[in-house]
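Biologist: I am new to this one. Could you show it to me and walk me through it?

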Amino acid sequence: METVITIRQAVMAEDEKCAFRVRETLKERKILGVNIIGSPGCGKTTLLEQTAAHIERESPFSFLVIEGDVETARDAQRLAAANVEALQINTKGACHLEAHVIENALQTLGFSSARYRRDLDVIFIENVGNLVCPAEFDLGEDFKVAVSSVPEGADKPLKYPMLFSQAAVVLLTKVDLLPYVKFDKALFARDVKALNPKAPIMELDLTSGAGLESWIAFIAKRLEEKRHVV
Ligand SMILES: Nc1nc2c(ncn2[C@@H]2O[C@H](COP(=O)(O)OP(=O)(O)O)[C@@H](O)[C@H]2O)c(=O)[nH]1
Ligand SMILES: [Mg+2]
Ligand SMILES: [Zn+2]
């Protein structure tokens, strides 16, 4: 047992170093790193497709996506079809992403090279669909985003408090389904507020794109803040 704990601590410590290096790389290049976490099917990929569609006109920022899934390149293919650059990671069983995976992804994308010159503002990381352990791992991101959808039910924040208490913003997706699904919006808001008084809750209908302006403005604001940190 003791050996297991020692090894686990060593692995975690190694991963913290990776997270530190990822954070440093993103800081040097003034790129915002956003770790998107939510259950399978809550709308993470749709959010990114819709974000691309909505910023096409005004282009407040450019972005690429690091896609985490257990298997398949389906999400990266969907994003490519939406003209979004996406690097697919397959964890082959692991139920969350870890910082060393992101560090390798940045290397694959060429970010670690001193010669790398390119205009890029934001890297969105779509984490493996899971409300539990993705919240435990620092990937070197600037902040985490919790995505929860109406059909999942309003009780999720208190059941998965680690994610909801850490997130910089909570996205409630599929609000177009509110007329058909029992969902106590007041309870959801109250529980999120109790866990995380500062995190705004943004309601999104990703079928029509309603509500996306707030999300896009939030990202643009955080990017602006990061650029002004010396
Ligand atoms: N009605 C409705 N469906 C949505 C919304 N967002 C996503 N979906 C659907 O939910 C399913 C899963 O979405 P996806 O983006 O693949 O979820 P992910 O697994 O979190 O990446 C797809 O069929 C989407 O079209 C929404 O706001 N409203
Ligand atoms: Mg997805
Ligand atoms: Zn996991």
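Biologist: What spacing do the donors of the zinc ion (ligand 3) follow along the chain?

Modeller: This is a predicted model, where local features need pLDDT of at least 70, side-chain atom pairs count only at pLDDT 80 or more, and totals for chains, interfaces and linings use all residues. Residues are numbered from 1 along each chain as its sequence is written, chains are lettered from A and ligands numbered from 1 in written order, and side-chain values use heavy atoms, without hydrogens and water. Donors are N, O and S atoms within 2.8 Å of the metal (3.2 Å for Na, K and Ca); water is not among the atoms, so sites may look incomplete. For this zinc ion, the spacing is C-H-x36-C.

Biologist: Which residues coordinate the zinc ion (ligand 3)?

Modeller: His96 sits in the loop between strand 3 (86-90) and helix 4 (99-108), and Cys133, 37 residues apart from it, in the loop between strand 4 (122-126) and strand 5 (143-149). Helices (H or I, at least four residues) and strands (E, at least two) are DSSP runs, numbered from the N terminus. At 2.0 to 2.2 Å, the coordinating residues are Cys95 (SG), His96 (ND1) and Cys133 (SG).

Biologist: Is His96 buried or exposed?

Modeller: Buried means under 20% relative accessible area, exposed over 50%, partly exposed in between (1.4 Å probe, protein chains only). His96 has 13%, so it is buried.
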